[in-house]
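Thanks, everyone. I would like to take you through one chain as a whole and then stop at a single residue in it.

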Amino acid sequence: PEHVWRINLDVPEEAQQNLSFGAADRWWEQTDLTKLILASNKLQSLSDDVQLLPALTMLDVHDNQLTSLPSALGQLENLQKLDVSHNKLRSLPEELLQLPRLRSLLVQHNELSQLPEGLGQLVTLEELDVSNNQLTAIPTSFALLVNLVRLNLACNQLKELPADLSAMKSLRQLDCTKNYLETVPSKLATMASLEQLYLRKNKLRSLPEFPSCKLLKELHAGENQIEILNAENLKQLSSLCVLELRDNKIKAVPEEITVLQKLERLDLANNDISRLPYTLGNLPQLKFLALEGNPLRTIRRDLLQKGTQELLKYLRSKIQDDGPGPNEEPPVTAMTLPSQSKVNIHAITTLKLLEYSDKQAAEIPAAVFDAVGTNPVATVNFSKNQLREIPPRLVELKDSLCDVSLGFNKISSISSELCLLHKLTHLDLRNNVLTALPEEMEALKRLHTINLAFNRFKVFPSVLYHLPALETILLSNNQVGSIDPVQLKGMDKLGTLDLQNNDLLQVPPELGNCENLRSLLLEGNPFRTPRAAVLAKGTAAVLEYLRSRIPT
């Protein structure tokens, strides 16, 4: 109806008739319309008058008969959610790409054969659903959607995924069900936030590799043509809770499946598996195991029908029968105490690596440091524990230590011991509870990369300005409110500065003078300028824009 578009402009009729309004009904104080829901009607088009509703934050027109969208949608600069799903759209207007605050774009169940090339300009997007269309390719600009959390590409005609998707650092859920994928680009393995991946009903011949997807909890790859489960691939999936591989052609399950200590659901139904490793019975969290439709020789069919717990009990009883041979070590289960889990001496001597990570330990056992002996150690990885302070004995390694990872702990302050590691070049302290860095860190003259993402910094740590070798500062997801462009300009080597998702209310124009910066990341801050469209053009354009704003 025409008057819906004019609802902000027209004086209500009753106001003209009755001027003795109570204070609550004064129409001239009414607020502008923010939500408009026109779903499940028979609309064939939307009027350009939609631009008369500039305050709209949500527009829902799903389940209509729209064949196109008005270009005036691009005027709705407060729009955060747009649902145009279940229509008959053949294309999306380019003007849509101008929406600076759009967080959710739902276009599933339409007739789209392609997406606008510049879709990556919508850098604020957190949710994008393009499933059930006729897409054969994904625009490369997708890589710019660094705030995207959920992406649904299911039920299209995609033969491949662009490797650039790996740049989506916030992506937690990726659904590629029912396409024509034969492989998954190896670069996707670097998507550090990915938690759920759906690859069902494609044409995959092997399970993709995911070395960096440390948070991956669910992997659904049923109804493909996977023949082999590679033991190496399984080792990388230590956080996995759900592994769904039904209706494939898998012939064997490797013993290494037991590294998936967090696995709760394992679906291997309708494959070609003839025998199972008995150690499967040792998975401590496993609640659901589906094996029907396999030519299993060692397990009677009636046992399969008794359910998961009986099956696991049977498998465990078989381990006892076999028992570890004379040269075999007992399997490391969730019950092995830290004192029993050997320090990897081989890694110390050949790789110069001291690792004690993902153990949820409150402190590093003395045995770990004792094992080093006189060997030089260059790299220490104590990430994913419950450490509350820097292990004091790190100082013992100061003559050789270059690279320290202490991410994903509960460290709240940096002790002076760390400041004595004068050869340190890489320091990873992400995902802790740090609020400040001590001035003594000035001593780390060789430090060129520091990762402080996901901490609690409210101010930019001033000691960083005094570290001349710094090339990379990663400070995303903190609460930093300001930066000093003059001090930053003095940092000749600084090439990467990541300040995404902080509390910067303004970006000082003088930052444009830091011409050494090759990568400046500022998305997800509350400042108004530079606008998202400028940020999307990349670092060089942002620096140029900032320089143009310096008062002369």
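Predicted model: local features only at pLDDT ≥ 70, side-chain atom pairs only at ≥ 80, totals over all residues.

Of the 552 residues of this chain, 47% count as buried, where buried means under 20% relative accessible area, exposed over 50% and partly exposed in between, with a 1.4 Å probe and protein chains only. Residues are numbered from 1 along each chain as its sequence is written, and side-chain values use heavy atoms, with hydrogens and water left out.

The secondary structure comes to 10 helices and 20 strands, taken as DSSP runs numbered from the N terminus, with helices (H or I) of at least four residues and strands (E) of at least two. Along the principal axes, the C-alpha atoms of the chain fill a box of roughly 95 × 65 × 45 Å.

Now to the residue, Val253, which lies in the loop between strand E10 (242-244) and strand E11 (265-267). Is Val253 buried or exposed? Val253 counts as buried because its relative accessibility is 8%. Leaving aside residues up to four places away in sequence, Val253 touches Leu268, Ile273, Leu276 and Pro277, a contact being heavy atoms within 4.5 Å. The C-alpha atom of Val253 is also separated by 8.7 Å from that of Ala231, and these two residues are 22 residues apart along the chain.

Returning to the whole chain, among contacts with a separation of 6 or more, 33% are between residues 24 or more positions apart.
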